[in-house]
Structure formats: C-alpha cells, structure tokens
Amino acid sequence: MQAQSKKAARRVTLMLLLPSTLWFLLLLLMPLVIILVFSFGERSAVGGYGGGLTLENYMNLGSRAQAFWNTLILAPTGTLVCLVAAYPLAYFLAVKVRRSKSLLLTLVIVPFWTSFLIRTYAWIFLLSGRGIPALLETFGLADVRLINTPWAVLIGIVYGYLPLMVFPIFVTLEKLDKRLFEASGDLGAGGLQTFLRVTLPLSAPGVITGVMLVFILLMGEFLIPAILGGGKVFFVGNALVDLFLQSRNWPFGSAVAMTLVAMMLAIIGLYLKLATRLGGGRMSGGI
C-alpha cells in the first residue's frame, strides 16, 4: 500500500513538472540547439544562414579576439568591484540600520525606476570634458580622459549592476541570527574576527548568488560598451549585434555565441567548485 502511494506521488510530481520542463526545453535548449546548428553552416549570398557543414566559423574566432579579451577582463573586474562596493552597503543595511531601513532600500532600488538606456546616456555628460574631468581639472589633474575608455565602461558597469549585487547579500545577512554575533563577542572575538569567522562565511550564499547574477549578465552586456565605449571598447555582445543585425553573418555569429556560452559555463563551474571547496561545502547551499 505504501509503495503504491509513493508511485502515485511520483506520478503527480512528474505531471506537475511536465509543463515547466517542456517550457524550459522550448525556450532555452531549443534556441541553443538552433544556434549550434547555425554555427557549423555557411553564410548565404544575401546574408543569414545558408546551410552547409564547416568548421571555418570556429577557425575565424581570432578575428573577434579583442571582443573576447575585453569581455574576459572587464566583466570579472566589474563583478569584483561591484562585490567590494556592495558588501559594506549590504552589511550596513542589514546589521547596523535599525530605523529607516525600508527608505534606504528604496533608495537603492530608485535607479531601476528609470530606463537603463537613459541612465547610461546620462554618464556621457558626466564622463565627458564638462563633467568629472572638468572637476578633476580644478584640483590640478588636467587632460584626464574618461569617456570612450575602459574606465568609462567599468564605471557604467558598477553603476548599472551594483543594486543586483547588494540585494542577494542583504537578504542573506538579514536572515542571520544576530545572537551569533553576541556569542562571538562573549567568546572573546573582536569585531574583525567575528566578521571573518562568522559573518563572512555565513553570508557566502548571498555573495555567490550576487556574483553569478552580475557576472552572467555582464558577459552578454552590449549597451554600456556601445554607449560609454564609443566603439573603441566593445564586448562580445557588441560583436554579436554586428554579426547578426548588420553584416548578417549568422553562422559566424552563432559560433561566437556558442564559444561565449562554453566560456561562461567553464568559468562558472570553476568558480562554484573553488567557492564550495573554500567554504567547506556550505557555500553551495545558497544557489
């Protein structure tokens, strides 16, 4: 009787999972399969996909080496800077603030009330000659150029993605039992020791979630490099826009896209493995 009830429960579970599984296969795996097939094809005379079976597209990936290089440098760097800036803010909101916490959290969310495109365009003025460089010139730092440089793209990345790093860390810190801090102090640990041995390890799930969320989005970013990079600093996302929409070389664009996906999976897999090992297996629980 118990075995029959277990079988019935499994059937119900499978029936409940079937719609979401089919939806997942349709919206995620099928496009990847199509892109994979396209990546081994040839460009037709009028653009697009013209069939065929060749490895030439993957052999020509070197022509987009600069885009891959910029992405692999600025995406992890931007993620790291976001983490360094977001953790103290999230810690302050979760642990130190007693009153007006909702107001401060709202202020973190406020930038999302405006279009990402408009907010990025605003940085053109701030980073141009009449903005931050003009302010720096008053302090004796002349001829500082920010716009259309990697620094401009990095600033735009941190500004645009910082809230996405703050909230996962904040949620994890908010759920921590505050009595752990008191117990750490009663055992003779100072503030720094409490942070390193209690707060930081227990907040690891939020850190992992924030890092993955920001890094994955940055690997496909194209708007910030296009606007603040001025065509001089471009990511793989910019290369994909050019290949699919302008030159209409879908097979080569598909090869670039599949290479980017493979790189992301390898980097994320290595990151999770190292994070789990360093965290003694506790970190993986936050994903």
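Is Y91 buried, partly exposed or exposed? Select Y91: with a relative accessible area of 21%, Y91 is partly exposed (buried is under 20%, exposed over 50%, partly exposed in between, with a 1.4 Å probe and protein chains only).

A word before moving on: this is a predicted model, where local features need pLDDT of at least 70, side-chain atom pairs count only at pLDDT 80 or more, and totals for chains, interfaces and linings use all residues. Residues are numbered from 1 along each chain as its sequence is written, and side-chain values use heavy atoms, leaving out hydrogens and water.

Next, pick W123 and Y159. Their centres are 5.5 Å apart with planes at 65°, so they are edge-to-face. W123 counts as buried at 15%, while Y159 is partly exposed at 31%. For a cluster, select F38, Y49 and W250, which form one aromatic group.

Last stop: E221, buried at 6% relative accessible area. The side chains of E221 and Y161 are joined by a polar contact of 2.3 Å (a pair of N or O atoms within 3.5 Å; within protein, one must be able to donate a hydrogen and the other to accept it, and residues adjacent in sequence count only if both atoms are side-chain atoms).

Methods
Phe/Tyr/Trp six-rings, centres within 6.5 Å; stacked < 30°, edge-to-face > 60°.
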